[in-house]
Structures are given as structure tokens and as C-alpha cells.
Amino acid sequence: MKKQAKLKIAVTGGIGSGKSTFCDYISSKGFVVIKADDLAKVLLDSDKSIKSKVIKAFGVNSYNGDKANRKFLAEQVFSNSDSVKKINSIIHPRVIEETSNLIEKTLQTHNIVFVEAALIFEAKMEQMFDYIIVITSDLEKRIERIIIRDNVDREKVLQRMENQIPDEVKRKKADFVFINDKDVSVLKANADFFISISSKLKKNDKSSNPG
């Protein structure tokens, strides 16, 4: 019997698309899901080099003691596209490095690993993966979900969306696109479909180490 390929699968999508719901379901089925966005938050707090660069770029108010001042960063940094690019240029290299290490470690004992990340394309991480899944949804549905989830106004949601590549562009770059406009059971059914075919997928030639 032919040995199953070791696969690296990225799951991405704009805020409010449902990618976390998709990945949480995948995880509940026993698959390893590395959450790059959570890893970025940990590194923002714990990595001394990142902390030093963020303070140099945005001032001492960027941190409260050892922890990032997320309220300050949200208001002063993430509302400005140039500032977003700056902080991403500080954080993304370390996130990519740590994600790559976790991927390789996982594949020592598993045939497939999923990575959930909002900014796969923005961070130019796509070459790290064999296949990319994009979760997409109607814009108004996405806005409504974020308003309810984060208790923010519509303007703030649109502001955050401006810093992400539009869904229509992501869809063209994806290997699989799942639309999350209906009941969550439909999204879970899509996840089940992908799980059912994953063992038959071949390693994609585009996959390589970052850098």
C-alpha cells in the first residue's frame, strides 16, 4: 500500500468568515491545528526582540509591563494601514519561523497538519503549504458576526477589513473554497468532505520551506 503523503494545509479567510469555527471542528476530529494568530499574540507578549522593536516603532505605551497594551495598539496602530504594515513586518518573520518549526514537529508523528491564519497571503506564507483552504462569506454576514463577537461598531469592523486582502482575491489563490453563508452544520459538512478526501491528496510541488 502506498504511503500517505505528509501534508501541510493552510486555512484562511477574512475576519468573520468562520475559519476558526471550521478549524475548531477539524481539531475536534483529532487533527492538529496550529493557530498562527494565537501564536502571534503569544510572541507579541513574550518575544524580547519583538517587544523592543514595537516599543521603538510605536512608543512605550505599546506595553503594560510585560504584556502588550492591546487597547493602545488597536486604537493607535491597527487603525492606520502603514502602522499595520510596520507591526506585521516585526511580528510575521517570527510567526513564520515558529509555525514552520511546529509544522515539522507535528509531521514527525502525523500525516497532516492544519494551520489557521488570517494573513496567509498578506504574510506571503502560501509557499509553505501543499493546499490552501479559504473560508469565505457574504460581507454583511461577516460584519454582523464581528459586531456581535467583539462588541464593536461597524466602522471599526470595516477599518480592520481594509487591512486584509479582499475575499475575491483570496478565492482565486485558493485550492479549496468553502462558503459559510448558511447554518454552521453546512460548514462542518464541508470540513467532513475535506477530511474524507485528505488521505487521497498528493503533496503539492509548491510546498517548500519559507525564506
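The model is predicted. Its largest pocket has a volume of about 1400 Å³, and its largest nonpolar core has 34 residues. Five aromatic pairs are found in the whole structure.

**The largest pocket**

- The volume of the largest pocket is about 1400 Å³. Its lining is made up of 43 residues, and those closest to the centre are Ile15, Asp37, Lys41, Arg160 and Gln164.
- Several helices take part in the lining, with at least two residues each: α1 (19-28), α2 (36-46), α4 (70-76), α5 (81-106), α6 (139-150) and α7 (154-161).
- Sorted by class, 18 of the lining residues are nonpolar, twelve are polar and 13 are charged.
- Rolling a probe the size of a water molecule over the atoms shows where empty space is left.

**The nonpolar cores**

- In soluble globular proteins, nonpolar side chains tend to be buried together.
- The largest nonpolar core counts 34 residues, and the most contacts inside it are made by Leu44, Ile50, Val54, Leu73, Ile103, Ile120 and Phe129.
- At least two residues of this core come from each of α2, α3 (48-58), α4, α5, β5 (112-116) and β6 (131-136). Helix α5 gives the largest share, six residues.
- Another core, of 21 residues, lies apart from the largest one; Tyr25, Leu187, Ala191 and Ile195 are among its members.
- Beyond its neighbours within four places in sequence, Ile120 is in contact with Ala10, Thr12, Met125, Glu126, Phe129 and Ile132.

**Aromatic pairs**

- A pair of aromatic rings is described by the distance of the centres and the angle of the planes.
- The search of the whole structure gives five aromatic pairs. One of them joins Phe22 and Phe178: the ring centres are 5.7 Å apart and the planes stand at 25°, so this pair is stacked.
- Phe22 belongs to helix α1 and Phe178 to strand β7 (residues 176-179), so the pair links distant parts of the chain, 156 residues apart. Phe22 and Phe178 are both buried.
- Tyr131 and Phe176 form a tilted pair, with 6.1 Å from centre to centre and 55° between the planes. Because Tyr131 lies in strand β6 and Phe176 in strand β7, this pair ties together parts that are 45 residues apart in sequence.
- Tyr131 and Phe176 are buried as well.

- Ser83 has its place in helix α5. Its relative accessible area is 16%, so Ser83 is buried.
- Leaving out neighbours within four places in sequence, the contacts of Ser83 are Phe58, Gln76 and Val77.
- Glu98 is also found in helix α5.
- Glu98 is in contact with Leu39 and Leu43, when neighbours within four places in sequence are left aside. From C-alpha to C-alpha, Glu98 and Leu43 are 9.4 Å apart in space, while in sequence 55 residues separate them.

Technical notes
Residues are numbered from 1 along each chain as its sequence is written. This is a predicted model: local features need pLDDT of at least 70, side-chain atom pairs count only at pLDDT 80 or more; totals for chains, interfaces and linings use all residues. Side-chain values use heavy atoms; hydrogens and water are left out. On a 1 Å grid over the protein atoms alone, a cavity is a set of points where a 1.4 Å probe fits but cannot get out, and a pocket is an open set with protein on both sides within 12 Å along at least five of seven lines; lining residues have an atom within 4 Å of a point. Grid points are joined across faces, edges and corners, and a volume is the space filled by probe spheres set on the points. Helices (H or I, at least four residues) and strands (E, at least two) are DSSP runs, numbered from the N terminus. Ala, Val, Leu, Ile, Met, Phe, Trp, Tyr, Cys and Pro count as nonpolar, Asp, Glu, Lys and Arg as charged, and the others, Gly among them, as polar. A nonpolar core is a set of buried Ala, Val, Leu, Ile, Met, Phe, Trp, Tyr and Cys residues joined through side-chain atoms within 4.5 Å. Buried means under 20% relative accessible area, exposed over 50%, partly exposed in between (1.4 Å probe, protein chains only). Contact means heavy atoms within 4.5 Å. Rings of Phe, Tyr and Trp (its six-membered ring) pair if their centres lie within 6.5 Å; planes under 30 degrees apart count as stacked, over 60 as edge-to-face and the rest as tilted.
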